[in-house]
Amino acid sequence: MPSTNRRSFLARSAALAAVPTVAALADGVLAGQASAAALPDYAPIPPSALGPAVNAQGYYVGRVEKNLYWVTDGTYQAAFLTTREGVVLFDAPPSIGHNLQRAVDEIAAANGVSNKVTHLVYSHHHADHLGASSLFGRHVVRIGHAETKKLLARDNDPARPVPDVTFDRRHTLHVGGERVELAWHGTNHTPDNVYIHLPDHSTLMLVDVLLPGWVPFDSFNLNEDVPGTIAAPAKAMSYPWKHFVGGHIGRLGTRQDMAVYQQYVDDIIDNVQKALAAVDPTPYFTKYGNNVWAAVREYQAAQVAYASEPVIKKYTGVLAAADVYTASTTFSILESLRLDLGVGSQVHD
């Protein structure tokens, strides 16, 4: 990527990462006390990070390629495939809810095809992506990873019925002459997050890893496996695809989005590694043993003393204006690097 584009991307990332801070202030103890003039002046969200406007009912449905469509409410995303035997739905976010069926109805009426959802593919077990599953009744065939079934059985949530069909590594779904390739390549955002590939539609769906046009937020989108998430984009890029469904925010992604995301993550790791060299974390882990977060908090405090160091200044400036965001992201990456170095064990207080 040319240096000018890189600088532009990093500047945009810093502005976007600051957005949660404003929301936190609105909900926190400073609510009602801080005037608009007292708040920092952040750059506006660039149009490239936003998607199409939703309709009066609160959703947008559009074609991805051929008979594959996507639905968004501006924050969450789902997708569906129309076939001669019915509709295959990919995820059912509760924030979209009944608008999922309305979107299907709209497309089915326009194209003269069935609007009956016959299959529902689960990307992973989280309620914010599956909480509307029960709206489609008991006769829909639900497909998900074997771990998804275990986790949903544990959660015992009637809004998220357990999948009827499960797989460990790979599964090919054939419905109405269409083909969907499902694969599990190890943990990333969750232990059960799967890659959903539609080869005949040049599309990959991988939820909660890349949010097109946005930087990852706290702990790489609140994932359960930082190294696994860092490795996920390379696995995604090994598939042939043009269109990407990331599960969040308003627009579809592209291969360029994934490439930029990879470079962004590489830049963070490079800077953290330099920070580790500038301030050796080993004494902190030695002092606190397995109490990882206590060690990292003190290490973070020690970093403040090195704020004038170019690498630290660049790192904190790029990630966010909010210390909590910078710290939480630092914690995640330091934890991953600490494990790579074999220091202590992963136990959080």
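1. Let me start with a packing detail: the buried residues of helix 5 pack against helix 4 (127-130), strand 6 and strand 7 (165-167). Helices here (H or I, at least four residues) and strands (E, at least two) are DSSP runs, numbered from the N terminus. Buried stands for under 20% relative accessible area, exposed for over 50%, and partly exposed for in between (1.4 Å probe, protein chains only). Contact means heavy atoms within 4.5 Å. In helix 5 (residues 146-155), the buried residues are A146, T148, L151 and L152. Just after helix 5, N156 has a positive phi of about 50 degrees.

2. A word on the basis of this note. This is a predicted model, where local features need pLDDT of at least 70 and side-chain atom pairs count only at pLDDT 80 or more, while totals for chains, interfaces and linings use all residues. Residues are numbered from 1 along each chain as its sequence is written, and side-chain values use heavy atoms, with hydrogens and water left out.

3. Now the overall picture. The protein has 12 helices and 12 strands, and 51% of its 349 residues count as buried. Among contacts with a separation of 6 or more, 61% come from residues 24 or more positions apart.

4. Two strands are taken to pair if DSSP finds at least two bridges between them.

5. Strand 5 deserves a look of its own. Is strand 5 (residues 117-121) enclosed or open to the outside? 5 of its 5 residues are buried, so strand 5 is largely enclosed by the rest of the structure. Strand 4 (residues 86-90) pairs with strand 5 in the parallel sense over 4 bridges. The chain goes from strand 4 through helix 3 (residues 99-111) to strand 5 in a right-handed β-α-β crossover, meaning that, with the strands pointing away from the viewer, the path from the first strand over the helix to the second runs clockwise. V88 stands opposite H119 in strand 5, and F90 has V121 as its bridge partner there. V121 also has a bridge partner in strand 6, namely I143; strand 5 and strand 6 (residues 141-145) pair in the parallel sense over 3 bridges.

6. Another open sheet has 5 strands in the order 8-9-10-11-12, again with mixed pairing. Its edge strands are strand 8 (170-175) and strand 12 (243-245), each pairing on one side only. The twist averages 20 degrees from one strand to the next. Strand 9 (residues 178-183) and strand 10 (residues 195-198) pair in the antiparallel sense over 3 bridges, and E181 stands opposite H197 in strand 10.

7. On to the cores. A nonpolar core is a set of buried Ala, Val, Leu, Ile, Met, Phe, Trp, Tyr and Cys residues joined through side-chain atoms within 4.5 Å. The largest has 23 residues, of which V61, V71, F80, L89, L100 and F136 touch the most other members. Strand 2 (68-72), strand 3, strand 4, helix 3 and strand 5 each give two or more residues to this core, and the largest share, 4 residues, comes from helix 3. Apart from this core lies another, of 22 residues, among them V64, I196, V245 and L252.

8. Finally, two buried polar residues for your list. T83 lies in strand 3 (residues 77-83) and is buried, with a relative accessible area of 6%. A polar atom of the T83 side chain lies 3.0 Å from the backbone nitrogen of E85, and one lies 2.7 Å from the backbone oxygen of G86. N221 sits in helix 6 (residues 218-222) and is buried at 3% relative accessibility. Beyond four places in sequence, N221 is in contact with H189, D208, V209, L211 and P216.

How values were computed. A polar contact is a pair of N or O atoms within 3.5 Å; within protein, one must be able to donate a hydrogen and the other to accept it, and residues adjacent in sequence count only if both atoms are side-chain atoms. Axes are lines fitted to C-alpha atoms, for helices over the stretch in contact, and angles run from 0 to 180 degrees between N-to-C directions.
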